[in-house]
Amino acid sequence: MTWINQDVNTLTSPDRLSFKIGDVDLDIPPQAITVSRQENHNEMGYLRAPGTVKIPTGQAVIRIDVDFVVATDESYEGAAGGEGKPFQDLEILSRLVAMTRVTPFVPVRNAYLTRHIPLGEPAIVANEGDREKTAPIPCAITALSIAASGDAPALLNCHLSLIYWNPEPFAGGGKNVWP
């Protein structure tokens with residue numbers, strides 16, 4: 001499990017990566033991110049024989065699953081990053097819930113994802129100090145589940161599901177159609 005952390009200095013550490021979804025910065029290591037790819041195909045029945053033949057469509061669904069933990073109590077200040085952080089963590093969580101409900105199409109920036117999802121353009125745009133600025137990945141939020149942790153009631157286990165989508169057909173096919 002990972003912790004939400006707004007402190008920019010911890011995002012530059014080698015064991016953690018910044019996961020920015022919309023305007024929300026999360027501190028999520030690559031171990032908590034799962035990328036899966038499902039190839040789509042059409043099935044057509046034979047004309048004079050039983051069974052079907054599978055024809056690949058050339059399109060795939062890329063699914064991204066992210067797990068993280070939100071602290072709701074000051075007793076977990078080491079995890080949440082210090083005094084006053086639990087309120088900020090709940091505020092971030094409420095912004096994620098609002099994004100899921102109102103604007104599920106969001107840009108995601110993460111170095112791990114840019115290395116595992118083919119974007120067709122340079123994945124690393126520039127370096128900002130110690131951090132590298134990655135190209136935005138257009139994603140749609142499909143699910144956000146929040147559950148209380150069984151052994152620590154002040155912790156909330158969150159699971160975020162995203163699907164990669166291509167915005168170019170909806171924007172006329174031009175370049176730089178995504179922020």
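Visitor: How many aromatic pairs does a search of the whole structure find?
Guide: In this model, which is predicted, the search of the whole structure finds one aromatic pair.

Visitor: What makes the pair of Phe 105 and Trp 165 edge-to-face or stacked?
Guide: The ring centres of Phe 105 and Trp 165 are 5.0 Å apart, and a pair is counted when the centres lie within 6.5 Å. The planes of the two rings stand at 65°, and since planes over 60 degrees apart count as edge-to-face, the pair of Phe 105 and Trp 165 is therefore edge-to-face.

Visitor: Which parts does this pair tie together?
Guide: Phe 105 belongs to strand E5 (residues 105–109), while Trp 165 sits in the segment after strand E9 (155–164), so the pair ties together parts that are 60 residues apart in sequence.

Visitor: How do you know whether Val 70 is buried or exposed, and where is its place?
Guide: Val 70 has its place in strand E4 (residues 52–71). Its relative accessible area is 0%, which is under the 20% limit, so Val 70 is buried. Leu 155 is 5.7 Å from Val 70, C-alpha to C-alpha, with the two being 85 residues apart in sequence.

Visitor: Which residues have the most contacts inside the largest nonpolar core?
Guide: That core has 27 residues, and those with the most contacts inside it are Phe 19, Ile 21, Leu 26, Phe 68 and Leu 162. At least two residues each come from strand E1 (18–21), strand E2 (24–27), E4, helix H3 (85–102), E5, strand E8 (137–148) and E9. The largest share, five residues, is supplied by E4. In soluble globular proteins, nonpolar side chains tend to be buried together.

Visitor: What does Ile 21 touch?
Guide: Leaving aside residues up to four places away in sequence, Ile 21 touches Leu 26, Leu 96, Met 99, Val 106, Pro 107, Val 108, Ile 141, Leu 160 and Leu 162.

Visitor: How many salt bridges does the structure hold, and what makes Asp 23 and Arg 95 one of them?
Guide: The structure holds three salt bridges. For the side chains of Asp 23 and Arg 95 the N to O distance is 3.6 Å, and because the criterion is within 4 Å, the two meet in a salt bridge. This pair links distant parts of the chain, with Asp 23 in the loop between E1 and E2 and Arg 95 in helix H3, 72 residues apart.

Visitor: Why do Asp 23 and Arg 95 carry the labels they do for accessibility?
Guide: Asp 23 has a relative accessible area of 53%, which is over the 50% limit, so Asp 23 is exposed. Arg 95 has 28%, and because this value lies between the limits of 20% and 50%, Arg 95 is partly exposed.

Visitor: What makes Glu 39 and Arg 37 a salt bridge, and why do they count as exposed or partly exposed?
Guide: Their side chains meet at 2.7 Å, N to O, which is within the 4 Å criterion. Glu 39, at 46% relative accessibility, counts as partly exposed, whereas Arg 37, at 52%, counts as exposed, because exposed means over 50%.

Visitor: How do you know that Asp 65 forms a salt bridge with Arg 63?
Guide: The closest N and O atoms of Asp 65 and Arg 63 are 3.1 Å apart, and the criterion is within 4 Å. Asp 65 is buried, with a relative accessible area of 13%, while Arg 63, at 36% relative accessibility, counts as partly exposed.

Definitions and conventions
Residues are numbered from 1 along each chain as its sequence is written. This is a predicted model: local features need pLDDT of at least 70, side-chain atom pairs count only at pLDDT 80 or more; totals for chains, interfaces and linings use all residues. Side-chain values use heavy atoms; hydrogens and water are left out. Helices (H or I, at least four residues) and strands (E, at least two) are DSSP runs, numbered from the N terminus. Buried means under 20% relative accessible area, exposed over 50%, partly exposed in between (1.4 Å probe, protein chains only). Rings of Phe, Tyr and Trp (its six-membered ring) pair if their centres lie within 6.5 Å; planes under 30 degrees apart count as stacked, over 60 as edge-to-face and the rest as tilted. A nonpolar core is a set of buried Ala, Val, Leu, Ile, Met, Phe, Trp, Tyr and Cys residues joined through side-chain atoms within 4.5 Å. Contact means heavy atoms within 4.5 Å.
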